[in-house]
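I opened my notebook to get to know a new structure. Here is what I looked up, entry by entry.

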Amino acid sequence: MQLAENPLRFVWLEVTGLCNEFCDHCYADSSPKGTHGAMTVQDWLSVIEELPGLGAVDVQFIGGEPTLYPNLPELIWAARAAGLGVEVFSNLTHIRDELWTVFRECEVKLATSYYSDSAEDHDAVTKLRGSHRRTRANIAKALSLGIPVRGGVVAVRPEQRVHQAARDLLALGVEQVGGDRTRAFGRGSLGVAPEIADLCGHCAHEKCAILPSGDVAPCVLGRFLTIGNVRETRLADIWGGLRMAEVTADIRAVLGDGAQSCTPPQFLPMCGPCSPCVPSVGHCDPREADSGAATIGAPA
């Protein structure tokens, strides 16, 4: 598929596999034992420099926990200099003073996961004592600084106070709140190998993810379907290349051409503020993807 037919509008930049939390449902299998991977700062800068020429409009820095990546400020500045919109998906427990300054000066948007209005409940999901207190305090701080925050509640545990979590976010002043359930990827799969049938079918459609290894995946959940590596090949040559064509053909063979539904009851991977997603997408119901409807999913 030619670039004109499928421009690369949005890219997840997974700058680290290191995270200070250890959530059972983590699709990236990140943890305190994770690393920043093989990508150097220059590798990331080279990728960012390429993106506008491929049609990119927005990037989202993810992890792991991206705020633990020491060169995140430099990458944010580079993305803004390239004319890209920037969002950082963070657990908001580890925000250095320098980052607050960068977020404000670069007009960065934030997104975060929030599991309960109860500290005990939230911390049981993250397995990090005090995470609820720090996340909640930093949501409030971001909003007080005029930094937009999107919040998402992922239903992980049967007894989890998901509806109360959503109401707490709204009470804090978070205007965009969505919900989701655990997805069968990473640790959330409980050891089961991921399959194409678990995806939504929109992988590699105007989006891709670049992982700490340099591997390019058709989306953050489809990381088992590598279409190239930016440390070996320019992204411009990967996007629309032979391997990408093979992967997208495999996806179509399983899910159909232009599939609009996920394995129920999952949302589209690029929808909803509860997982790394495209900020410009406002719908959570795959059936409404072509209708222009804009709805926010309620916590499950």
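**Ground rules.** I took helices (H or I, at least four residues) and strands (E, at least two) as DSSP runs, numbered from the N terminus. On that basis I found 8 helices and 9 strands in the protein chain. I noted that this is a predicted model, where local features need pLDDT of at least 70 and side-chain atom pairs count only at pLDDT 80 or more, while totals for chains, interfaces and linings use all residues. Residues are numbered from 1 along each chain as its sequence is written, and side-chain values use heavy atoms, with hydrogens and water left out.

**The whole chain.** I looked up burial next, where buried means under 20% relative accessible area, exposed over 50%, and partly exposed in between (1.4 Å probe, protein chains only). Of the 300 residues, 54% count as buried. I then turned to contacts (heavy atoms within 4.5 Å). Among those with a separation of 6 or more, 69% join residues 24 or more positions apart.

**Strand β7.** I asked which residues of β7 (residues 207-210) are buried on each side. Lys 207 and Ala 209 are buried on one side, and Cys 208 and Ile 210 on the other. For pairing, I needed at least two DSSP bridges between two strands. β7 pairs with β1 (residues 10-14) in the parallel sense over 4 bridges, and there Phe 10 stands opposite Lys 207. With β8 (residues 215-217), β7 pairs in the antiparallel sense over 2 bridges, and Ile 210 has Val 216 as its bridge partner. The hairpin of β7 and β8 has 4 residues between the strands, and Gly 214 takes a positive phi near 95° there.

**Leu 72.** I found this residue in helix α2 (residues 72-81). Why does Leu 72 count as buried? Because its relative accessibility is 0%. Leaving aside residues up to four places away in sequence, Leu 72 touches Phe 61, Pro 66, Thr 67 and Leu 99. I also checked Val 102, 30 residues away along the chain: its C-alpha atom is 9.5 Å from that of Leu 72.

**Two helices.** I ended with α5 (residues 131-144) and α6 (residues 162-172), which pack at an angle of about 30° with their axes 10 Å apart. Here axes are lines fitted to C-alpha atoms, for helices over the stretch in contact, and angles run from 0 to 180 degrees between N-to-C directions. In α5, Arg 136, Ile 139, Ala 140 and Leu 143 meet Asp 168, Leu 169 and Leu 172 in α6.
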